[in-house]
Amino acid sequence: MKNFVNIDDVDDYKSLLKEVMDLKIKTLAHKEIGLNKTLGLIFFNSSLRTRLSTVKAAKMLGMETISMNFDSEGWKLEFEEKTIMSKNSAEHVKEAAKVISTYCDVIGIRAFAGLKNKIEDERETILNSFLKYGSVPIVNMESSCAHPLQSLADAATIEENKKHLRPKVVLSWAPHPKSLPHAVANSFVRMCKKNKYNLVITNPKGYDLDPKITQGVEILNDQEKAFKNADFVYAKNWSSYSNYGKVLTKSAKWMINKNKMKLTNNAKFMHCLPVRRNVVVEDNVLDSKNSLVIEQANNRTYAAMAVLKKILQNEG
């Protein structure tokens, strides 16, 4: 594996998923594979689970880590070609990516969508600039349109808890006071399709995700109908895609609660965290024995380990 930018970078997703689960059992079996190697973590946005789990993963493989909050600690970067840098930008990404590549053997990049311009966000300018000008492997720690590390951890969590080969998995939109990106939902959909889960998406009208990603997936505007006989319910907010970046409703009717979960097949509840309690989901669901949110967060470490191991070994 040269880079881990999205699910399509993986030749054999099932093999990578098995690697995640094997590493969870034999955590220190590869503790010297990353000796004398450095992982650089470049954050343009906030992080808790991604930062800590990736640092822990690197250390368990013997790697050193360097972390930088580029939005507050780095020079303001310029990304345009042939630009005259006479304004606020102090450094071009051409130099920055090349310099960071001399310090690091692998670079992780985290840069969210701006949610102002769909075309600009889908260009993935920051991520693609580091891919273009950097000279070492790149790991996507969440970009404008994808969060493949999260979906890999989600896949491991489903595999550990599923009771039959093809569980019914419901991705449910839930209310949130802010406009949020589509990255987690996009990667979750791609992952479910890879694993051939019985995926159903439920969201209010106006909140359909990118149709290129959801093609072939059942989408229901009736949340309760979607929940019937579900084995897993994954709650996530995202802003409108068609009316890009907009919050069209904050209706509490879409919050996940105990009564809706009773419609399911005793479903497990999932969320990537952080989560707004009693806005996205009620306490009695989030704190229940069927909640997998802490397991998901724990699996982030082994997902990052599996990806880094494949990169270090240059395996597909």
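How many aromatic pairs does the structure hold? The structure holds five aromatic pairs; rings of Phe, Tyr and Trp (its six-membered ring) pair if their centres lie within 6.5 Å, and planes under 30 degrees apart count as stacked, over 60 as edge-to-face and the rest as tilted. This is a predicted model, in which local features need pLDDT of at least 70 and side-chain atom pairs count only at pLDDT 80 or more, while totals for chains, interfaces and linings use all residues. Residues are numbered from 1 along each chain as its sequence is written, and side-chain values use heavy atoms, with hydrogens and water left out.

Select Phe44 and Phe70. Their rings form a tilted pair, 5.4 Å centre to centre with 35 degrees between the planes. Phe44 is buried, with a relative accessible area of 15%, and Phe70 is buried at 7%; buried means under 20% relative accessible area, exposed over 50%, partly exposed in between (1.4 Å probe, protein chains only).

Next, select Phe188 and Tyr234. This pair is also tilted, at 4.2 Å centre to centre and 40 degrees between the planes. Both Phe188 and Tyr234 are buried.

Then show Trp173, Tyr207 and Trp254, which ring pairs link into a cluster.

Finish with two charges over rings (NZ of Lys or CZ of Arg within 6 Å of the ring centre and within 35 degrees of the ring normal). Arg51 lies over the face of Phe43, 4.0 Å from the ring centre. At Tyr241, the charged end of Lys118 sits over the ring, 3.9 Å from its centre.
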